[in-house]
Amino acid sequence: RLVQRALSPWVDSCALEGVPVTGYLRKRGALRLLSPLGGGVVCEVNPLAGSGRGEVALADAGHGTRTDYSRSGGWGGRAALVTNDAARRGATLTHLALEAKYQGAACLIYHLPGMREDVIPIWPVDVDIPVLSISNREAARLHQLLAQGEVRVAFEATLERYESTTYNVVGTVRGSRYPEEVVYLTGHYDNWFLGANDNTSTVGCLLEAARALRGYRPRRTLRFVAWGSEESGAPVGEWGLYGLMGSYGYGQAHCREVTGEAGELAVAMVNGEMLGYTPRTHLQGTPELIPLIYGVAADLGEHLRVSGPSHNWTLSDHLCFHALGLPLVYLIPARDLGSGGRSPYWDVYHTAADNMDIISPRALEENARLMALVMMRLDRAAMPYSLTSLASAALQGTEHLSNGRGLRQALGRAQRACRGGERGEVLRRVRRLAGLVNQHIYALDRPFGLKFLLMAERIARLKEAAHILEMEGDVGRARAVLMTLADFSASISF
């Protein structure tokens, strides 16, 4: 309601739309040394993991791979200390937690190398054993003790699951000429800890963009949405993605409007993440919007970076709208201009150090300006899409396919069909073509194909079933895992 009150003066109407979610309250988490000496170890309980307690031996599980575990047999009942470099290997923390579970570990204790040594990150982990995170400083202390001999610890992790409702704040400025055509500007307001940058900063930029555009009467309808439950909200094991529930619920409720089947036609979406740390922003766009955002970057300065979707494309609220074929722009901190290295913000990401001390007033000002300008360009463009850029992206690699020539000819016919006729109908044709391409263009590309919203659950469960078969040979349990998928029938067999 605070966001609704802040947005209401700058829009024609502002409403709350509820979406049912599953909440996970992180309660007590504790880690204590029992021997060779006593004392506490500062830790955090990771959401969506299991609850439990125990007094067990601690053992170094390296990077948490099967090979690391094989170096030391008899993992049943021990706590696994893992150096989490899963992202570098194309995996996730959930993969490490599942491996710890299958190896019989009583709990997983991990740290993230590369982060500031005193901070403790948290991540949603879809597994039913306790998962505790510690700082790199505490990890160095535990590794030093393990090098000297046996270490025993007492651990406790308590999470409480409950059913609740999250609310999307939806503000609308009605278009004066084409009110049925809608341009979205969005960002999520929920967070871990204070979440000053992730993602309160983006909501602040969104509010400022709405304020700045109040005197501007748009031709198309502008819709400002602050999403709830981006960070969490899905039942464990149900979706394979743990958050995005506010935006996913909105996409379900308004699917026909987004796709142009019922009154409205969504023209494009601009979604932002973590825009309060640096004015150096990465504009990732679907192919048909690349020329438009290059134009924005040229006008606002060389500190901006423009590209198509990259490795982090699937990790925010625009994902389900991509699956619906909506042209998109994703705003996220760019890499350092000089070195090409990652933003120092990632050293405190998902930690209690994401507070107001790291927020840059200049970043807020420039990113609010960036949002407002992108919205104005999308509003004013008679046709915001570039069919040339879309076709070029769609045809990449088709020369290696046996039917590549036919695909190129079919795309050429589709492009010609998008030319001529009444402006509104032409826009709908181009929008349908863009949607068709964007729904399928990344299907074979590993960073995107494996994380498509409707594929994620299937991929996760298939991997788990394969893991059970490989490690345990238990066909019954593997079949039971697959049966949790909605589209697997009772007749499934191996």
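Biologist: Which ring does Arg423 lie over, and at what distance from the ring centre?

Modeller: Arg423 lies over the face of Tyr178, at 3.6 Å from the ring centre. Keep in mind that this is a predicted model. A second case involves Arg78: its charged end sits over the ring of Trp75, 4.5 Å from the centre of that ring.

Biologist: Now the rings themselves. How many aromatic pairs does the structure hold?

Modeller: There are twelve aromatic pairs. To read one, take the distance between ring centres and the angle between planes: under 30 degrees counts as stacked, over 60 as edge-to-face, and the rest as tilted. In the pair of Tyr184 and Phe321, the centres are 6.4 Å apart and the planes stand at 35 degrees, so this pair is tilted.

Biologist: Where in the chain do Tyr184 and Phe321 come from?

Modeller: From distant parts of the chain, 137 residues apart. Tyr184 belongs to strand β9 (residues 178-188), while Phe321 belongs to helix α9 (residues 319-323).

Biologist: Are Tyr184 and Phe321 buried or exposed?

Modeller: Both Tyr184 and Phe321 are buried. For contrast in ring geometry, look at Trp346 and Tyr349: their ring centres are 4.9 Å apart and their planes meet at 75 degrees, so that pair is edge-to-face. Tyr349 has a relative accessible area of 17%, and because the cut-off for buried is under 20%, Tyr349 counts as buried.

Biologist: Which residues do ring pairs link into a cluster?

Modeller: The cluster consists of Trp123, Tyr277, Tyr345, Trp346 and Tyr349.

Biologist: Let's turn to helices. What describes two packed helices?

Modeller: The angle between their axes and the distance between the axes. Here, helix α5 (residues 196-212) packs with helix α10 (residues 361-380) at about 55 degrees, and their axes are 8 Å apart. The two helices are therefore oblique to each other. The crossing in which α5 passes α10 is right-handed.

Biologist: Which residues make the contact between α5 and α10?

Modeller: On α5, they are Ser201, Thr202, Cys205, Leu206, Glu208 and Ala209. On α10, the contact is made by Leu364, Asn367, Ala368, Met371 and Ala372.

Biologist: One more residue, then. In which helix is Ala140 found?

Modeller: Ala140 is in helix α4 (residues 136-148). With a relative accessible area of 46%, Ala140 is partly exposed.

Conventions
Residues are numbered from 1 along each chain as its sequence is written. This is a predicted model: local features need pLDDT of at least 70, side-chain atom pairs count only at pLDDT 80 or more; totals for chains, interfaces and linings use all residues. Side-chain values use heavy atoms; hydrogens and water are left out. Rings of Phe, Tyr and Trp (its six-membered ring) pair if their centres lie within 6.5 Å; planes under 30 degrees apart count as stacked, over 60 as edge-to-face and the rest as tilted. Helices (H or I, at least four residues) and strands (E, at least two) are DSSP runs, numbered from the N terminus. Buried means under 20% relative accessible area, exposed over 50%, partly exposed in between (1.4 Å probe, protein chains only). A charge sits over a ring if NZ of Lys or CZ of Arg is within 6 Å of the ring centre and within 35 degrees of the ring normal. Axes are lines fitted to C-alpha atoms, for helices over the stretch in contact, and angles run from 0 to 180 degrees between N-to-C directions. Angles under 35 degrees count as roughly parallel, over 145 as roughly antiparallel, 65 to 115 as roughly perpendicular and the rest as oblique. A crossing is left-handed if the near helix is turned anticlockwise from the far one by less than a right angle, and right-handed if clockwise. Contact means heavy atoms within 4.5 Å.
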